[in-house]
Amino acid sequence: MPADANDLSPAIWPASARRDDEGALHIGGVSARELAATYGTPLYVMDESEVRAHARRALAAFGNATAAHGGRARVYYAGKALLTTDVVRWVTEEGLRVDVCSAGELEVALAAGAEPALLGFHGNNKSPAALERAVEVGVGTVIVDSDIEIERLSAIAERHDAVQPVLVRVRTGVHAETHAFLATAHEDQKFGFALDDVRAAVARIRELPGLQFAGLHAHIGSQIFDAAGFVASAARLVELHAELLERGDIPLLNLGGGFGIAYTSADDPRPLEEVAAGIVGAVADECAVRGIPLPELAFEPGRAIVGQAGVTLYEVGTVKPVQVTADLERLYVSVDGGMSDNARPALYGAQYSARLASRAGDAEPALVRVVGSHCESGDIVVDAEYLPGDVTPGDLLAVPATGAYCFSLASTYNYTPRLPVVAVRDGRARVLVRRETVADLLARDTGAGPNEGNA
């Protein structure tokens, strides 16, 4: 049980998070009360300054780590974590490139004015139309994922009289210490080429006039707290890189992303600078052993850029004590959102924290489970947390570290409109993405109102 159920841990909350004299939470200089009154709840709040600070930190961490070995680094923001046109502008203004993994994400990046040559395009099943668009606009690198895609992309590039740079995604066989659905480098899954199949894929790329082999790519998983898995993966990648280097230049080696953040006080990710130094040092050592130059390295942080910058605001609807065992009572605190705005607890058993946002509580801490309003027993927002025991209907509740994969994974389950995204900075707030309405959802239903009978 915590000594203070009103504290705001700096490892979890944005640096701007504070309580005013009345105990109300402020983010980016704007009070939670004001945000709820103006924009309603539930509500995604993004601290713009926090996003920009993490982008600068990532660029410096990987840039300094590679410079220490005489090399250079590219840092791509992994847009699947959270993508809006404003977020793209924030990260690119801070010097990051952008990684997209769908045709829709590509269009968001282009709509934001991102330079196509500074984009990377992922995906295990990119459609011909998506590849056509990528070549047409001049996407910097396409990460190819299958033999079929290699042939398809080359034909498209030739039709456009273009040469498309590509990276080959490799399954290195390294198992990340993370949830099974977040591990992406083991053999029995959909991404990339097995190590033994990469040589043939690269040989074919080098034969095709529409493609340029730019390097290897590997991604071992997500929400990883240290460098160990990356180091093991890098050793296998460099060995393969050295072999392929004998038959032609390979300018780039992309080590992927997946760098973890703290969601609760129990989480202890290593500082990004330490992780960067560990990965780059391992690659440099492997290159030195083989007597080959250090290639330009690329990294793809996503969660590490936006995760801590996000806070979701809810309003408490009901509070219900439940006798779990003879010795344990838990308060079930129901809020006006849930698994439609944060699917991660249901998908991965992800753990989060929570705090009262409209005030500070005076009562002793009580064990609570924060649950949503959906018709599912698994609709859990925060599995176990201590809040002041006087939590009551009408209170505002804030869940920190929701900047990554909450908006991106949001659904309209139970016909629940998706939340708006509001940015805060220097005491001002503005809407990045408006709130969806039930009318928006009904507009797609051809049997509703004036749309009835339309094909």
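Contact, as the word is used in these legends, means heavy atoms within 4.5 Å.

**View 1. The predicted model and its confidence.** The structure shown is a predicted model, in which the protein averages a pLDDT of 93 and 96% of the residues score at least 70. Over residues 178-186, however, pLDDT stays under 50, although the model has 31 contacts for this stretch beyond four places in sequence. Where pLDDT is low, the predicted coordinates should not be read in detail.

View 2. In an unreviewed entry, UniProt places the feature "modified residue: N6-(pyridoxal phosphate)lysine" at Lys80, which the model puts in the loop between strand 5 (73-78) and helix 3 (85-93). When residues up to four places away in sequence are not counted, Lys80 touches Cys101, Glu105, Tyr405 and Ser408. Lys80 counts as partly exposed, because its relative accessibility is 37%.

**View 3. Arg303 and the annotated binding-site residues.** The UniProt annotation "binding site", again from an unreviewed entry, covers Arg303, Arg344, Tyr348, Glu376 and Tyr405. These residues span 103 residues in sequence, and their farthest two C-alpha atoms are 27.1 Å apart, so they do not all gather at one spot. Arg303 itself is found in helix 10 (residues 303-306) and is buried, because its relative accessible area is 5%. Leaving aside neighbours within four places in sequence, the residues in contact with Arg303 include Arg344 and Tyr405, as well as Ala81, Ser222 and Phe259.

**View 4. Tyr415 in its loop and in a surface patch.** Tyr415 lies in the loop between strand 19 (396-400) and strand 20 (421-425), and has a positive phi of about 55° although it is not a glycine. Together with Val438 and Leu442, Tyr415 makes a nonpolar surface patch of about 250 Å². Tyr415 counts as partly exposed, because its relative accessibility is 41%.

**View 5. Backbone geometry at Asp161.** Asp161, found in the loop between helix 6 (147-159) and strand 9 (164-171), is a residue other than glycine whose phi has a positive value, near 55°. Asp161 is exposed, because its relative accessible area is 75%.

View 6. Thr41 and Pro42 are joined by a cis peptide bond, for which omega is about -10°. Pro42 has its place in the loop between helix 1 (32-39) and strand 4 (43-47).

Technical notes: Residues are numbered from 1 along each chain as its sequence is written. This is a predicted model: local features need pLDDT of at least 70, side-chain atom pairs count only at pLDDT 80 or more; totals for chains, interfaces and linings use all residues. Side-chain values use heavy atoms; hydrogens and water are left out. Patches are made of residues with over 30% relative accessible area and no salt bridge: like charges are joined within 9 Å, nonpolar side chains (Val, Leu, Ile, Met, Phe, Trp, Tyr) within 5 Å. Accessible areas come from the Shrake-Rupley method with a 1.4 Å probe; for residues, only the protein chains shown count as cover. A salt bridge is a side-chain nitrogen of Lys or Arg within 4 Å of a carboxyl oxygen of Asp or Glu. Helices (H or I, at least four residues) and strands (E, at least two) are DSSP runs, numbered from the N terminus. Buried means under 20% relative accessible area, exposed over 50%, partly exposed in between (1.4 Å probe, protein chains only). pLDDT is the predictor's confidence in each residue, from 0 to 100. UniProt positions are given in the numbering used here, feature names are shortened, and annotations may be inferred rather than shown by experiment.
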